[in-house]
Amino acid sequence: MSKKIKQEKIEKEYHQKLIKRRKPNRSIAGDILLYIFLLFVAFVMALPIIYAVSNALKPLDELFRFPPRLLAQNPTTDNFSDLFVTMGKSWVSFSRYLFNTVFITFVGTAGHLIISSMGAFVLAKYEFPGASAFFKLVTVAMMFIGYVTAIPNYLILNKLGWIDTYWAIIVPALASPMGLFLMKQFMEGLPTSLIEAAKIDGANEWRVFSGIVMPNVKPAWMTLIIFSVQRLWNDKAATFIYSEEKKTLVYAMQQIQGGGIARTGQGAAVMVVLMVVPIAIFVFSESQILETMASSGLKD
C-alpha cells in the first residue's frame, strides 16, 4: 500500500512540474511588439477575404472606382440578389447545380478517405513483398500534376463509359496519391504495441483499424478532408461532364462571372459564394486538428 502511495506522490509531483511554466525571458515591450506583429500577420492573411466580401457588397459605381477602396462605402446586397435572379432564369435550377457539387464532393472525399486510410494502414503496419516499391511508386505519382495525367485519364474513363457521369470526377479523386502518402506517414508514428495489445484482447483487423488506428490519426484525416473538399468543390468538371444538368456549381457560377461588365457585381458575389464552403470546412477542421494534437501524442 505504501508503495502505491509513494508512486502516486511521484506522479503528482511530476504533473505539478509539468504544469508550472517558466516565465519567458522577455520584457513587456517585447511582448507588445510580438502581439503587434502577430496582429499584422493576421490582418495580411485575412485581407484577401475582407476585400472579396467588401467587393461583393459594393454597388457598381464603387466597383469601378479608381483607386479602389478596401471597404464598401454604401454596402448593398443587390449583387447577391441579382446573382440568384440570374441563376433562377437558367433552365437548370440552382439547386441542381448545388446537388451535383455536394454529391461529387461528399462521395469523392469519403471514398478517398476510406481507401487512402485502408491502404496506408497496410503499408505502415504490415510487411509484405513489394511494399517498399509500391510506396515509391505512390511517391513518384505525386510529382505528376493534373495536366500531365488529363489525357490518360480521359482515355481510360472513356473506355469505361464514364464520360459525362459523376464517376468521371469521383473515381480519379479516390486514387489521389497525396492522401495515401499523408496517411501512411502519419500512421507510421502510431505505436505498434497499441495495435498488438488490441489484437491480444481479441480485436479483429476491422476493429483495430476503425476503433484504434483511425481515432488516433485524426489530425491526418482531417487534413486530408480539407484538401479533398477544396479540390472537388472547386472542380469545374468541364472536361468530363457535358450535360448541363450534371454540371457543377463552380462551372455555372463562372459562366455568370464571365458575362461581361454588366455582371461585374454578380462576379464579385460569385467569389464569396464559392469560397464560403472551403473556408468553413477549413475553420472547423483546423479547430479539430488543434484539439486532437493537444490532447494526444502516443509513444512506444
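**Entry 1: ground rules.** I count angles under 35 degrees as roughly parallel, over 145 as roughly antiparallel, 65 to 115 as roughly perpendicular and the rest as oblique. This is a predicted model: local features need pLDDT of at least 70, side-chain atom pairs count only at pLDDT 80 or more, and totals for chains, interfaces and linings use all residues. Residues are numbered from 1 along each chain as its sequence is written, and side-chain values use heavy atoms, with hydrogens and water left out.

**Entry 2: α6 and α9.** Axes are lines fitted to C-alpha atoms over the stretch in contact, and angles run from 0 to 180 degrees between N-to-C directions. From α6, I listed Phe-134, Phe-135, Val-138, Thr-139 and Ala-141; they meet Pro-177, Leu-180, Phe-181, Lys-184 and Gln-185 in α9 (contact means heavy atoms within 4.5 Å). By class, this contact has seven nonpolar, two polar and one charged residues. Here Ala, Val, Leu, Ile, Met, Phe, Trp, Tyr, Cys and Pro count as nonpolar, Asp, Glu, Lys and Arg as charged, and the others, Gly among them, as polar.

**Entry 3: α5 and α9.** Next I looked up helix α5 (residues 94-125) against α9. They pack at an angle of about 45°, with axes 8 Å apart. That makes α5 oblique to α9. The contact includes His-112, Ser-116 and Phe-121 of α5, and Gly-179, Leu-180 and Met-183 of α9. I noted seven nonpolar, five polar and two charged residues in this contact.

**Entry 4: α5 and α11.** How are α5 and helix α11 (residues 205-216) set? The angle is about 100°, and the axes are 12 Å apart. That makes α5 roughly perpendicular to α11. Ser-117, Met-118 and Phe-121 in α5 meet residues of α11, including Trp-206 and Phe-209.

**Entry 5: the largest pocket.** A pocket is an open set of points on a 1 Å grid over the protein atoms alone, where a 1.4 Å probe fits, with protein on both sides within 12 Å along at least five of seven lines; lining residues have an atom within 4 Å of a point. Of its 35 lining residues, the closest to the centre are Gly-146, Thr-149, Asn-153, Pro-172 and Arg-231. α7 gives the most to the lining, with eight residues. By class, I logged 23 nonpolar, nine polar and three charged residues in that lining.

Note on methods:
Helix = DSSP H or I, 4+ residues; strand = E, 2+ residues; numbered from the N terminus.
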